[in-house]
Amino acid sequence: MSIFKVKQWWSNEKSQSEEYEDGIQNENCIIVDKFNSHNDSDLIILGQSCILKIYKPRVDQNESHTILESRLDDIVLQIKTGKFSANCADRQILILHPNSYAIYELDKQGGHSDVGDQNFIAPVIKHSFTRRAHSTTCGPFGNSKSRDLICIQALDGTLSLFDQDTFLFMCIFNDIIIPGPISYVAYSDLFIICKSTWILEIYSYQQLCEFSELSIRQNKNNTRIPQWTYNAGEEIMSMQVIRTSTNFASIVALGERHLYCFQDNGLMKYMIRFDFIPICFHAYLIGWYYEPNSRLLVMVASEDFKLYLYEATTLLWSCDLAHKAISLSRCFLSSLSGGLLTLSTNGIVNVSYLGTEPNLNPNAIPINEVFDPKQVQVELEMVEDSLQKVLDAKEALNEDTEDIIKIKVDCGKPSKNLALQLTFENSFTPLQTCSVIVIITCEDPKLVQSLQITYDCIPPLSSSETTICLDNINGTEIIETSVFLSGDTDIPDIGINIKFTVIDNMGKVRVLSERQIIPLNLYCFPLEAVEENSYQMTIETNQRKIDLIEIFTDFNKEELEGFISKDMLTFAYRTSHKTVTIKAYDHMYRIEANEVSEIAPILDHFLHKLEDYYNRIGLTEFEIKVAINGEIIRQIMHKFLKSVESHAKERIKLKELEEELNVLQRQFTLVQKRLLVQYGSLPPSDCDPLEFLMNDTHERIKTVAYEIIQSKTCVVSAGNTLRMIGSLIIHVLKEAVTDNLKVKLIEEMLSLETLNGHFQEWEEAVAQVSSYILNKILKKSEKDKEKLAPVTDQDILSQTNLKKLLKQLRIILEKVFFNVREPSTGDGNITRIEEFVEVI
């Protein structure tokens, strides 16, 4: 958004009627010109439906600025001015209707002392034709010296030329399906025609005479060869011709995304590609064309209510418009030289000028009154008291909410979902589902206006209801929702987060959070014990071991008795079928697995169940500690960096596929447009190559779309693995590091909660935070800061930046673990690990 805005000088908004018919306004229905009867200022001529309005803006806003308003016989399509009759000294007004055109002369009759001047339009020429008109252009065709001739373009692209009310000849173009803008270059006697093939063709007036319908009938071998052509490759929306030199004129054309500027001999002067959607433009010359220092400027209005001013390819100015403009022009009024004239879709005409004072605070009200300092001080104290009351109320906010409603969350027993008998490629177990029951109790339902419950599940966990809204609470509400497995990826989180948004009767919004641990048998099942595993984590307690059946109460005793062997129990994940083994010893437990990431969910669940067991039996003096050593830390850090690299690789693949899909989509659209042009040409061209290309592009789009779906699944799976190992890092940090600030910094830096199915840009966020921690908190040397600084002109997933991100994470984790000692040796810090990750 620009800080500059156009300064409004005059508008006809007050004189507009409230009833307005949409679709009657177009950019050709307004024109600015000067007449002999009003030689002190330009006049604004506007056509709205069947009404012709002429304005003469003045400084005095109390006076009427409408000098004429007349109802015509038909709809106004376009307005032009020129000298169409040789016996008239002043300029005349040409009005184009769908089946005719009319030429009027503006005249003014002086009034008496008590009556003002009267303006009226006198009809000079009226002429009808058979083909429905689309647009018109006029000029001294054929180097006419006495008057301007008229060229009418019909809806089928046919050009009909007239001299006053006399028909001269007609040119028929068979390759025009939808008519485009036409313009005339008076200096070189050329016509510019924009065809449906997106090609600009330039013909001289003499060529159009030779290509007329009568000439072609007499000489069938006559072929149309234009003076020069240009393939724009897009639709040309409007054109303008302006004399810029004694030797040539300039042709400015506005496309869908480009602005083209040519000399009338076909030489392109420059081209501008916009990063916005242009609507209309206006080119004008500062100085006279015969002066060597004259400048050609172009104003372009965009779809987002902005105005851009260009000189060649240089952007000189940009500002905000008051409305969406469909027409731009310049006007020279008696009190404003070089005003900006804009027309909106609802017929509002504004005359503005470009101001240089930025509007930094558009909502501020100018202060013109003198205030009493004592009164200001009293009001300031009242505001401070109000703010203090708000701050005091925030402290008791949660207590008040708990007094209004009471929430209890519980999970039912998982069961096979008979309604959803789905299986995955790597799983032969049907989906498991369990019910999550929320009980809300409200003693006084009148205190609660509405309540919204939001369930946050991390894939592959899903809930049958994402959001539940309760408009009324009748004492006690019981809401049951199903949670089930919906994919074959790893389980990164063993619980679901439930948000309660409460709006009380006063309109205050209060948010409560509850976390519910899901049952183990929803995502695991017991099997024969696996004794040998690659990785292990030890949990030490100050109490004697507990029977594993008493800890894993989510399973029945009959379900576990057949699988327990020598105080050892093995579970397998239902999604990946990877196994985790729990072994019980005298005062400790050991969790083992062949993958580090598989330990995290079972470890979280085991610690939760262990604490729940001790609390259930009423034991308060118990300690639970995760025993770690340097080897465990090295293994986890190594796996963590590898998981970061794997996640980055999958994201790179996904971005490449999305970019390929964008290219294919643009190619498919372009082929369709070309094919439409080929179908409409007379005679139709050979469409087989384009049809083959369109079908082939369509098949490639379907293939790439399927690959994107698979790639998104891989990104989710890699993110889940990264989240599992990251949570294991947090567990180890809490046990190994006594500095709670460092642990909190690492936890906030990793932001593991953002690794979900919404494809957050995790690497980009972590790179920013890690750079700050490394440079500001851990106080690296200037040389290391320079060495590890990310390359700003590259994406974080690039090879260089990704390698530096991994180095930053490794150095941060090493520094945090720096004081961790080996429990076996009792001395010596952990050894600095080398960079294990082989970057892409």
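This is a guided tour of one protein chain, from the whole model to single residues.

**Before starting.** The structure is a predicted model, in which local features need pLDDT of at least 70 and side-chain atom pairs count only at pLDDT 80 or more, while totals for chains, interfaces and linings use all residues. Residues are numbered from 1 along each chain as its sequence is written, and side-chain values use heavy atoms, with hydrogens and water left out.

**The whole chain.** Display the chain as a cartoon. It contains 13 helices and 43 strands; helices (H or I, at least four residues) and strands (E, at least two) are DSSP runs, numbered from the N terminus. Of its 840 residues, 48% count as buried, where buried means under 20% relative accessible area, exposed over 50% and partly exposed in between (1.4 Å probe, protein chains only). Among contacts (heavy atoms within 4.5 Å) between residues at least 6 apart in sequence, 59% join residues at least 24 apart.

The open sheet has four strands in the order β10-β11-β12-β13, with antiparallel pairing. Two strands pair if DSSP finds at least two bridges between them.

Move on to another open sheet of four strands, ordered β34-β32-β36-β37 and paired antiparallel. Its edges are β34 (467–470) and β37 (509–517); each has a single partner strand, so one side of each lacks a neighbour in the sheet.

**The nonpolar core.** Finally, show side chains and select Tyr523, Phe552 and Phe640. Of the 104 residues in the largest nonpolar core, these three touch the most other members. Such a core is a set of buried Ala, Val, Leu, Ile, Met, Phe, Trp, Tyr and Cys residues joined through side-chain atoms within 4.5 Å. Which helix gives the most to this core? It is α7 (residues 599–616), with nine residues.

Centre the view on Phe640. Leaving aside its neighbours within four places in sequence, Phe640 is in contact with Leu722, Ile725, Gly726, Ile729, Leu750, Trp762, Leu809 and Leu813.
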